[in-house]
Amino acid sequence: MIWILTLAATLYLVGLLHSVFGFYQKRPVFRRLALGMVAGAFVCHTLFLFWIGFTRRHFPITNLPESLCFFAWCISLIFMLASCRYRINALGAFTLPMVSGLTILSQVVWEENHFSPMVLRSGWVYFHAGTAFLAYAAFFLTFLFAVFYLIQEKELKGKNFRFLYFHLPPLQPCDEMSGRFLYIGFAAMSLTIISGAIWAEQAWGRFWNWDPKETASLVTWCIYLFLIHYRLSGRWHAKRAAYVSILGFASILVTFGVNWGLHAFL
Amino acid sequence: MSNLVVVGLNHRTAPLDTRQRAAFDPERLAEGMRELSGIPGILEAMILSTCNRVEAIAHVAGAPSGPDAIEAWLSDSRGIPRAELRPLLYRYEDESAVRHVFRVASSLDSMILGEPQILGQVKSCYASAVDARSVGPWLNHLLQAAFRTAKRVRSETSIGEYPVSSSSAAVELARKIFGELSGRRVLVVGAGKMGETAVRHLTESGVGSISVVNRSAEAARALAERFDGVAGDFSRLGEMLAGADIVITSTGAPEILIPPPMVEEAMRRRRQGPMIFIDISVPRNVDPGVGAIENVFCYDIDDLSSVVEANLGERLRAAAAAEKIVDQEVRAFSDKIRSLKAVPMVREVQGRIEDICRSELERFLKKGGARDARQLRELESMMSRVAAKIAHPLLEELRHGDGSRNETALAELLQQLLQPRKGKP
């Protein structure tokens with residue numbers, strides 16, 4: 001059944017090529033084609049995750065390949081939701097490399113015959129891990145639009161009317177999109193932490209154990225809280241908000257990477 | 001043997017003065033087309049007359065004589081001596097004529113590459129040609145194909161996306177900052193002509209409100225009225241800045257009217273929301289230091305022209321893609337022309353084969369005849385099947401030949417071969 005994942009990865013790659021071409025040529029027809037390919041890939045991807053879920057009898061995030069695969073699925077989902085709502089050529093060209101890369105990586109390191117640890121055989125894993133990856137995916141887009149913002153701002157201030165000036169989205173929409181995904185990500189991450197705490201109380205008897213992943217996510221959560229606070233206060237320039245979004249994403253990568261202590265089952 | 005030809009002059013071949021003399025009054029255009037299509041040897045004709053080009057597009061009976069006749073007529077009717085006119089004219093025939101018409105309609109041959117007016121001009125000239133009944137099937141096909149090509153070029157390339165006038169460049173810059181302009185507040189400082197043009201472009205893009213500030217309150221009110229805006233007092237400029245997203249300055253004042261501290265104060269009041277200043281006055285009215293403030297973008301007239309220059313570069317890139325579309329359409333049209341040309345020949349050849357079959361059938365019927373009506377029907381249908389089977393490959397070759405063979409020669413040969421031989425029945 002791994003071939004379904006291969007098919008998904010191939011379709012993602014073809015979609016990526018179309019998006020890059022659409023971004024380069026500014027031809028909306030390629031954006032639509034890319035969206036079609038990604039939709040096809042997403043269906044395969046979803047089928048694959050369901051299949052893994054049924055055969056292994058657990059939610060597919062219990063080891064590294066599974067979680068990479070699931071993370072790619074989350075970004076793909078967010079990408080499609082965003083593309084249906086906003087017509088931004090640059091979105092696919094920068095999101096799909098991440099999606100294709102993660103899908104391919106998960107397929108390369110795929111392990112057959114995996115048994116999940118006892119602690120993960122709980123209903124909480126669905127909610128806790130689902131919201132966590134959704135948050136990561138949303139924060140990725142916050143980061144991406146922050147980068148677009150900074151580049152476009154530099155081009156506009158420097159009066160460089162070159163390739164990126166023409167091909168990246170306008171300034172304020174970048175800021176708005178970055179903010180929108182920030183709120184989605186923040187809500188999802190809050191749910192992750194709350195559900196994690198409740199689950200921890202059931203599994204280990206304590207709500208908070210200060211294990212590395214818990215601590216890292218608390219730091220990340222605080223960075224984004226700070227960002228939201230200042231965005232809403234209106235005392236900040238969008239540029240500074242963009243820098244903090246990038247810092248927040250760096251913190252996300254750390255959070256994703258630390259899997260010691262109680263989270264040491266990946 | 002008939003041909004499509006284009007004879008004319010444009011901004012590249014002829015100076016403005018000659019172009020003006022050669023141009024047709026819109027009222028005289030239909031009459032000219034009727035006259036031209038009435039000349040022996042010219043089967044269909046239309047004239048495209050704009051300020052940058054005057055050209056006759058015609059379907060003529062013969063290749064060298066047709067364009068010559070058009071040239072002579074142009075010279076006579078415009079009152080320009082032939083010796084003077086001749087070196088300014090270009091001539092295109094067949095495929096190159098088709099390509100030329102397609103490129104003109106798609107604005108690839110325009111003085112300002114990609115400008116959208118030309119398609120409308122071609123359409124209106126064609127409409128008067130239709131009214132004047134000077135066009136027939138060939139030019140109808142040609143112009144429909146030209147409109148289709150132009151439409152494809154518009155929708156499949158980004159050639160029209162990049163504005164190339166300064167005032168529309170100002171709108172583009174504002175779009176690059178705000179995205180959609182609906183609901184944006186515009187402040188116009190000064191009541192100059194250039195400012196007004198920029199404001200008109202902005203209102204066309206759906207900006208929310210317009211306020212005008214001017215030293216002379218009278219002129220401010222007049223301008224504000226024209227755009228349904230409000231006029232403000234010049235002393236309140238600083239205050240009004242806080243409520244504006246897009247500021248256009250176009251005054252005759254020789255000094256800086258908007259210094260950085262004024263903008264900083266405005267930014268504090270508007271909670272740091274982005275602002276764009278377009279300063280079209282010379283000398284400048286907005287201190288260039290304003291552009292250094294966070295979230296404030298300031299452009300002067302030189303910046304607008306570098307946007308225009310960059311946009312022209314993008315149009316050139318898009319034009320390369322457009323040429324490919326033109327190539328495809330020219331190829332498709334040449335196929336169509338070939339089958340159009342083949343129609344009379346095809347009829348001739350088909351008629352000959354059917355004649356042979358019919359005369360053989362008649363001979364048979366005269367000799368003995370069919371036993372009954374059913375057999376007669378069968379014989380008739382058999383003969384027509386035979387005729388169709390012989391004719392089919394020949395006709396296909398005539399209609400869709402790959403262009404490497406001379407289809408006309410082939411048709412002539414077929415007709416000769418199928419002639420009834422003298423002395424034989």
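**Interface of chain A and chain B**

I began with charged pairs, and across the interface of chain A and chain B the rule finds two salt bridges, a salt bridge being a side-chain nitrogen of Lys or Arg within 4 Å of a carboxyl oxygen of Asp or Glu. I looked up B:Asp303, which forms a salt bridge with A:Lys159, and the closest N and O atoms of this pair are 2.8 Å apart.

Before going further I noted that this is a predicted model, in which local features need pLDDT of at least 70 and side-chain atom pairs count only at pLDDT 80 or more, while totals for chains, interfaces and linings use all residues. Residues are numbered from 1 along each chain as its sequence is written, chains are lettered from A and ligands numbered from 1 in the order in which they are written, and side-chain values use heavy atoms, with hydrogens and water left out.

I then turned to polar contacts and found 16 residue pairs across the interface of chain A and chain B, both residues at pLDDT 80 or more; the term stands for N or O atoms within 3.5 Å, where within protein one must be able to donate a hydrogen and the other to accept it, and residues adjacent in sequence count only if both atoms are side-chain atoms. On the side of chain A that touches chain B, helix 5 of chain A gives the most, with five residues; helices (H or I, at least four residues) and strands (E, at least two) are DSSP runs, numbered from the N terminus. The residues of that side divide into 13 nonpolar, seven polar and seven charged, where Ala, Val, Leu, Ile, Met, Phe, Trp, Tyr, Cys and Pro count as nonpolar, Asp, Glu, Lys and Arg as charged, and the others, Gly among them, as polar.

The contact (heavy atoms within 4.5 Å) takes 27 residues from chain A and 32 residues from chain B. I noted a buried area of about 2,400 Å² between the two chains, of which carbon and sulfur atoms give 49%; this is the accessible area (1.4 Å probe) that two parts lose on being put together, summed over both.

**Parallel sheet of chain B**

In chain B I traced an open, parallel sheet of six strands in the order 7-6-5-8-9-10, where two strands pair if DSSP finds at least two bridges between them. Its edge strands are strand 7 (230–232) and strand 10 (296–300), each pairing on one side only. I followed strand 8 (residues 246–249) and strand 9 (residues 275–279) of chain B, which pair in the parallel sense over four bridges, and I saw B:Ile246 standing opposite B:Ile276 in strand 9.

Helix 8 (residues 166–178) of chain B lies across strand 8, strand 9 and strand 10, running at about 170° to strand 9; axes are lines fitted to C-alpha atoms, for helices over the stretch in contact, and angles run from 0 to 180 degrees between N-to-C directions.

**Antiparallel sheet of chain B**

Four strands of chain B form an open antiparallel sheet in the order 2-3-1-4, with strand 2 (42–49) and strand 4 (90–93) at the edges. Seven bridges join strand 2 to strand 3 (residues 53–60), and B:Ile47 stands opposite B:Ala56 in strand 3. Helix 2 (residues 26–38) of chain B lies across strand 2 and strand 3, at about 150° to strand 2.

B:Glu71 lies in helix 3 (residues 65–78) of chain B and B:Arg91 in strand 4 of chain B, so the pair ties together parts that are 20 residues apart in sequence.
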